[in-house]
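Visitor: I have a structure open and would like to go through its side-chain arrangement. Could we take it topic by topic?

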Amino acid sequence: MRFRMSVAVASVVAAVVAALPGSASAAPERHPAPGAWEPAPQEPFEMPAGARCEFAVRVEPIVDEVRKLTIDTYPDGAPKRELFTGALIDRVTNLETGATSTADASGTALVVYRPDRSMTWYVTGPVLLGFRENAGTLPKGLWIVDGRFRVEFSPTYDKTITMLHGTTHNVCTDVD
């Protein structure tokens, strides 16, 4: 099984935040029913110079077959545990030079959401994660993290990765 979750991907984080219990932007009328697979597409996004890479960058899916399964919900219907899987290949573009690279983010993850807006991902395979300066266990960048690992997200989206085994690669270096 393969999965896409690009937390670095601001659009995915925004969607997750909107779905969390108590979120001001939550849409309470629309929560997936437990047991139903549904598409979980990634929206393209851009980040300004210095946010993740030293240059402005655009990330857009060129293959996106990601789907999610809601396993458990909170009493208000917001997701508590979801499984994500499916092929995701992102094109990463340096908006200053036009250089591009592809990043396979087709891992599989179980995501556990908590009411305080923190979450934990239990991952097998590659995912694309963005790190701000001094906001996690990796330096600033857009990172492909591959292997078996756990990612703890604080309520402010700082990330702590605990690797069972695997590799990390900063995709910013591919397009600088």
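Visitor: How many aromatic pairs does the structure hold?
Guide: This is a predicted model, and the structure holds one aromatic pair. The ring centres of tryptophan 121 and phenylalanine 153 are 4.7 Å apart and the planes lie at 50°, so the pair is tilted.

Visitor: Where in the chain are tryptophan 121 and phenylalanine 153?
Guide: Tryptophan 121 belongs to strand 9 and phenylalanine 153 to strand 11, so the pair links distant parts of the chain, 32 residues apart.

Visitor: Are tryptophan 121 and phenylalanine 153 buried or exposed?
Guide: Both tryptophan 121 and phenylalanine 153 are buried.

Visitor: Which residues touch the most other members of the largest nonpolar core?
Guide: That core has 37 residues, and Val92, Trp121, Leu129, Leu142 and Ile161 touch the most other members. Strand 11 contributes the most, with seven residues.

Visitor: What is valine 92 in contact with, leaving aside its neighbours within four places in sequence?
Guide: Its contacts include Val57, Val59, Ala103, Leu142 and Val175.

Visitor: Changing topic, which cysteine residues does a disulfide join?
Guide: A disulfide joins cysteine 53 to cysteine 172, with an S to S distance of 1.9 Å. The torsion about the S-S bond is about -75°, so the disulfide is left-handed. Cysteine 53 lies in the loop between strand 2 and strand 3, and cysteine 172 in the segment after strand 12, so the pair ties together parts 119 residues apart in sequence.

Visitor: And which ring does the charged end of lysine 159 sit over?
Guide: The charged end of lysine 159 sits over the ring of phenylalanine 131, 5.1 Å from its centre. Arginine 67 lies over the face of tryptophan 37, at 4.9 Å from the ring centre.

How values were computed:
Residues numbered from 1 in each chain as written. Predicted model: local features only at pLDDT ≥ 70, side-chain atom pairs only at ≥ 80, totals over all residues. Heavy atoms only, no water. Disulfide = S-S within 2.5 Å. Helix = DSSP H or I, 4+ residues; strand = E, 2+ residues; numbered from the N terminus. Core = buried A, V, L, I, M, F, W, Y, C linked by side-chain atoms within 4.5 Å. Buried < 20%, exposed > 50% of the residue type's maximum accessible area, 1.4 Å probe, protein only. Contact = heavy atoms within 4.5 Å. Phe/Tyr/Trp six-rings, centres within 6.5 Å; stacked < 30°, edge-to-face > 60°. Lys NZ or Arg CZ within 6 Å of the ring centre and 35° of its normal.
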